[in-house]
Amino acid sequence: GYVTEIALESSGDINWDLKYEAVKILRGMQIGEVAIVSLEARDISGFGGLALYIRDISSAYIDLGLDTTLFTWVFANNRDGRRITEEAIKKAGLHDTGKSTTVSFHGEDETTRRDFNRAQIYTTMLGGRIRTYAMTNGRYCDLLYGGKTAEDLARRCRFFALSFLEALRIN
């Protein structure tokens, strides 16, 4: 919100007194953990503007003293179709948590849910400071911004949203 914008302001004519008061408000709010959810995160699932912003905003919250956790995805292929899962896991220093989450869809049997709708959860301290959980799934995490039909896009949105919520619950 607005208080966060003031606290994180770093360009232009900065009112340092106002910024200091905004930081004090945020630190004293007892808001608990800040959970940032993004399909893109630098060094894991994206390299452009959104991935950079997510890394920077996560770091900024940590700098303010707020307990911050990032939830993102590891996609199987890059935009050129080259398989990158293992490369991304290694580059980001992701470790398998041994935990997974499963999302159910109406009309699917238990075998389908188990074999295709399970997200494996990995963790790391991204950049040495951002607690990060990244999930993989071969069916829905094949390509960043993948999906060809309206139904496929809707299923992906449901899968991403519900698996993030479940990952929050079990971690």
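Q: Which residues does T112 touch, not counting residues up to four places away in sequence?
A: T112 touches N117 and R139. Contact means that heavy atoms come within 4.5 Å. The model is predicted: local features need pLDDT of at least 70, side-chain atom pairs count only at pLDDT 80 or more, and totals for chains, interfaces and linings use all residues. Residues are numbered from 1 along each chain as its sequence is written, and side-chain values use heavy atoms, without hydrogens and water.

Q: Why is T112 called buried?
A: Buried means under 20% relative accessible area, exposed means over 50%, and partly exposed lies in between (1.4 Å probe, protein chains only). T112 has 19%, so it counts as buried. Its place is helix α5, residues 110–116. Helices (H or I, at least four residues) and strands (E, at least two) are DSSP runs, numbered from the N terminus.

Q: What makes I130 buried or exposed?
A: Its relative accessible area is 1%, so I130 is buried. I130 is found in strand β5. Its contacts, leaving out residues up to four places away in sequence, include R55, I62 and L70. I130 and L70 are 60 residues apart along the chain, yet their C-alpha atoms are separated by 7.0 Å.

Q: What makes a set of residues a nonpolar core?
A: The members are buried Ala, Val, Leu, Ile, Met, Phe, Trp, Tyr and Cys residues, joined through side-chain atoms within 4.5 Å. The largest core here has 24 residues. I36, I44, Y61, L64, L70, V74 and L94 touch the most other members. Several elements each supply at least two residues of this core, among them α1 (2–8), α2 (16–28) and β4 (118–126). Another core, of 16 residues, lies apart from it and includes F71 and F160. In soluble globular proteins, nonpolar side chains tend to be buried together.

Q: How do you know that β4 and β5 pair?
A: Two strands pair if DSSP finds at least two bridges between them. β4 and β5 are joined by 7 bridges and run antiparallel. In this pair, T124 has T132 in β5 as its bridge partner. β1 and β2 (residues 68–73) run parallel and are joined by 4 bridges.

Q: Why is Y53 called partly exposed?
A: Y53 has 48% relative accessibility, so it counts as partly exposed. Y53 also belongs to a nonpolar surface patch with L50 and Y145. Patch residues have over 30% relative accessible area and no salt bridge; like charges are joined within 9 Å, nonpolar side chains (Val, Leu, Ile, Met, Phe, Trp, Tyr) within 5 Å.

Q: What makes the contact of D152 and R156 a salt bridge?
A: A salt bridge needs a side-chain nitrogen of Lys or Arg within 4 Å of a carboxyl oxygen of Asp or Glu. For D152 and R156 the N to O distance is 3.1 Å. Both lie in helix α6 (residues 150–170), 4 residues apart, about one turn of the helix. R156 has 6% relative accessibility, so it counts as buried.

Q: How do you know that R169 and E166 form a salt bridge?
A: Their closest N and O atoms are 2.5 Å apart. R169 counts as exposed because its relative accessibility is 60%. E166 has 25% and counts as partly exposed. By the same rule, the count comes to 9 salt bridges.

Key: Accessible areas come from the Shrake-Rupley method with a 1.4 Å probe; for residues, only the protein chains shown count as cover.
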